[in-house]
Amino acid sequence: MPILSKGKPEAGLPVWRLNRVLAILQTRIETLSREGNRETPIVWSTAHMYTTTQLAKIVAIQRSLDPELAGLVCAFHDVHTLHTGKYQDHGPKALGYILEIVKEYNDKWSDQLGDISEAEVEIIYQAIKGHSDKNVVTELPYEELLKDVDSLDAFLHGFEPQEKSAREERTIRLLDEFNIDDQLSALKREVPE
Ligand SMILES: [Fe+2]
């Protein structure tokens, strides 16, 4: 499928369903309490949601996948952690939130922007449910994209992956895919005096 089949390039990247989904997620974020014993702060989950979504589009274009669908996968991938602050089984537990939010989107926006279909929800959930197992390589292109982007995004936010971990391997391989892994070693941390 041509990447821009849903719209002409001059009309911009066809990601308006994704934009509406992100708006629904943002509205929910604003109602969440920052208190409580979250394993991860809301601000991190929020930043990670947006930055993985943007990286997903780039990687999807590179791999001739659908950038909007890849963006939806990443927007939803930690939705359970976003809501609860907990990581345990957060992949499988994303499903309830995905169904609720897709229903809200379809009720409000499908007439204008097109629906998010059951087939797309299936791809999204299949990609998300096992995404914590970074060492498992699958045949599913959107699951692989998510695992790669999730690894790279944490790295770009300054987290150092464990040496020889699957996260490290995925980060290096993805940077290599964009021909920028060599430049990394030239990066030096300059701390202002
Ligand atoms: Fe993540």
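Two notes on the model. This is a predicted model, so local features need pLDDT of at least 70, side-chain atom pairs count only at pLDDT 80 or more, and totals for chains, interfaces and linings use all residues. Residues are numbered from 1 along each chain as its sequence is written.

Now the fold. The protein has 9 helices and 0 strands. Helices here are DSSP runs of H or I with at least four residues, strands are runs of E with at least two, and both are numbered from the N terminus. The radius of gyration is 17 Å, close to the 16 Å from the globule rule for 193 residues, so the protein is as compact as a globular protein of that length. That radius is taken over C-alpha atoms, and the rule is 2.2 Å times the number of residues to the power 0.38. The C-alpha trace spans about 55 × 45 × 35 Å along its principal axes.

Next, the helix pair. How do α3 and α7 cross? The axes of α3 (residues 67–76) and α7 (residues 141–156) come within 10 Å and cross at roughly 55°. Axes are lines fitted to C-alpha atoms, for helices over the stretch in contact, with angles from 0 to 180 degrees between N-to-C directions.

Which residues make the contact? From α3 come Leu-69, Ala-70, Val-73 and Cys-74. From α7 come Tyr-142, Leu-145, Leu-146 and Val-149. Contact means C-beta atoms, placed from the backbone, within 7 Å.

Definitions and conventions. Contact = placed C-beta atoms within 7 Å.
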